[in-house]
Amino acid sequence: MRLKVNNIEFAYNSTPVLENISMELDRSEVLGIVGPNGTGKSTLIRCIDRILKPQQGTILLDEHDITNMKQMDIARKMGYVPQSTTRVFPASVIDTVLMGRRPHLGWKSSEEDMDKVLEILELLGIMEFAMKDFNEISGGQQQKVLIARALAQEADILLLDEPTSNLDIRHQLEVMEIMKNVVKKKGISAVMAIHDLNLASRYTDRILMMNEGRIFATGDPASVLTIENIKHAYGVEVLVKSDGERPYIIPLRPIN
Amino acid sequence: MKAKHSLVTKEEVKEQYNKFVGRKFFFIFFFSVLVVIISGISTSLGSADISIWDAYSAILHKFFPNYFESDWLADACVWNLRLPRILMGIVAGIGLGVAGSVMQAILRNPLASPYTLGISSGAGFGASLAILAGAGIVSGKYLIIGNAFVFSLLCSFIILGLSSRKGATPETMILAGIAMMYLFGAMTTILQYFGEAEAVKEAVFWMVGDLDRSSWPKLTLITGALVCCIPLLIIKSWDLNVMGAGDETATSLGVNVKRTRIVTMVVATLLVACIVCFTGTIGFIGLVAPHLTRLAIGGDNRFVLPVSGLLGAVLLISADLVARNIIAPVILPVGAVTAFMGAPLFLYMIMRRGREYW
Ligand SMILES: Nc1ncnc2c1ncn2[C@@H]1O[C@H](COP(=O)(O)OP(=O)(O)OP(=O)(O)O)[C@@H](O)[C@H]1O
Ligand SMILES: [Mg+2]
């Protein structure tokens, strides 16, 4: 078991956001987190990366409680792709991705780090923006750069907060394929908050559906993405088709 | 898709990147040379007639007496009068330039300057207290200096202390800084309100900032502060880069954001307080030098810090050169001249820059 979350509770200034969350993540597993806006998906991911500290409960990373770990050691094991970022001062794309090497190096970056970064840029097809400024590329391109930075971190677990929200349909599929391949090839695991239920269905091994700060359903895509669950969590009427293995969701209308 | 990838190859990108880094090293070299040249020119200018070569020669004579000649007049003029002042300009410029880039990076705010944490208002109040009321922490010769130093640190530490209780976010720091600026500014005004006209004038002059009070012992002190503080800040510059991507991202990359922010703030504050208590508040350099630097070489703080420091030195000694010579024998306050020369340059660069953000 890579990651084990036991009964965590979290509140921002005493407004409870997460209650009673427990989950596990296996080696080479992609876990999708779905749920309506404001249910606490991002908050959960931040708690796992100890950007936020849950008031209750424990998080075990390879059997170690992360509250006893140094931030740098956590950074070597987990990479995080935020939902969005802004930069005030300029930084080139290549320097941005190079920052992912921070947990592995001191002050100076080596030739080897550079090669790793270039490889990842090539993998994600963003080599042509390498020398551009991060603020001067499109939202989708920025998202790929942030994913590249997390990959450069060479962590065992990737935490992705809506990694495809700004991408067009082709790049969504591309990024998901890349994630799937990286997970398989390197034996790493990923936790991914995602709004597109069809992408979640196709590319995750297991789905955790949240509603109002609690886990509402969890299991393989077919068992979680049912008409009933989606109606209950999102208040939306859908059709669910299946190609035998994975469900396809066709949204119909919101229920009042 | 493959064809699209091969538009730019790894080798090309690497080459471009190396060029990009080379450019940054060039600027370090360029500004270093510029500092030497301007110092030389500045040393040669003044009431006594000394040529540039005599000036360099007099300087080098001290180190290599066998190779360089010097006469008594040049020697006295250069070593006792002009050099302390110019070197003071160099170290103060370096300190303010470096501290400014650190403050801006750490607060992620283009308006931050070495004085954001209330150093200038604290120093101004401390000095006013000494000049106007004769009261202070230490007595005698060092009353003004000591007061300025202690009060600037006091002001900064109140801000740091308050904001660190709230997680030390850039916003709380800046707002706390502005609040303290008003508070200490008001206290200074009250002091001035009840002060003697002559003393008020002196206090105002102190705050504008100049290099008139330079001397070798002071220079040694500031250089010591520089040598202690700047390497510490440069070591942290990679973390400053990471923090530029936001506190969350920096945390996820293993940086202890709160501690790094407070440590670098304390170091930069100490550095600036050491300078300001001797020179008065020479304000503009710490704001402008980092911006001009980023326009030239981009935002990588590992290079922004040293280049901004060197540029700060260039700006300050050029301003001093003008301040001493433009209506000689009157010496204008260098603090005002820096703003006079710097502001139009700064505006020009802002209007010319090709991007919308900093
Ligand atoms: N910094 C914050 N301070 C206070 N409350 C917050 C903060 N961030 C989020 N919240 C609240 O916590 C709840 C969960 O937010 P979170 O960002 O985790 O939702 P989410 O599931 O990621 O939503 P989305 O799908 O819109 O990204 C929301 O009700 C939100 O209003
Ligand atoms: Mg979210």
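Lys24(B) sits over the face of Phe20(B), 4.1 Å from the ring centre. Keep in mind that this is a predicted model. There is a second case of this kind, and it involves both chains: Arg294(B) lies over the face of Phe89(A), at 3.9 Å from the ring centre.

Back to Phe20(B). Its ring also pairs with that of Tyr17(B), in a tilted arrangement with 6.2 Å between centres and 55° between the planes. Tyr17(B) is buried, at 8% relative accessible area, while Phe20(B) counts as partly exposed because its value is 23%.

Further along, Phe27(B) and Phe31(B) make another tilted pair, 5.8 Å centre to centre and 40° between the planes. They too lie in H2 of chain B, four residues apart, about one turn, and both are buried. Together with Phe26(B) and Phe30(B), they form one aromatic cluster. Over all chains, the count is 11 aromatic pairs.

Next, helix H7 of chain B, residues 170-194. Its 25 residues reach 36 Å from first C-alpha to last, close to the 36 Å expected. Its buried residues include Met173(B), Met180(B), Phe184(B) and Leu191(B). Among the elements covering the buried residues are helices H4, H5, H6 and H12 of chain B.

Last, chain A. Where is Arg2(A) placed? In the segment before strand E1, residues 3-12. Arg2(A) counts as buried because its relative accessibility is 8%. Its side chain makes a polar contact with the side chain of Ser189(A), at 3.4 Å. Other residues in contact with Arg2(A) include Asp26(A), Asp62(A) and Asp156(A).

Notes:
Residues numbered from 1 in each chain as written. Chains lettered and ligands numbered in written order. Predicted model: local features only at pLDDT ≥ 70, side-chain atom pairs only at ≥ 80, totals over all residues. Heavy atoms only, no water. Helix = DSSP H or I, 4+ residues; strand = E, 2+ residues; numbered from the N terminus. Buried < 20%, exposed > 50% of the residue type's maximum accessible area, 1.4 Å probe, protein only. Polar contact = N/O pair within 3.5 Å; in protein donor to acceptor, adjacent residues only side chain to side chain. Contact = heavy atoms within 4.5 Å. Expected span 1.5 Å × (residues − 1). Phe/Tyr/Trp six-rings, centres within 6.5 Å; stacked < 30°, edge-to-face > 60°. Lys NZ or Arg CZ within 6 Å of the ring centre and 35° of its normal. Lists of a residue's contacts leave out its neighbours within four places in sequence.
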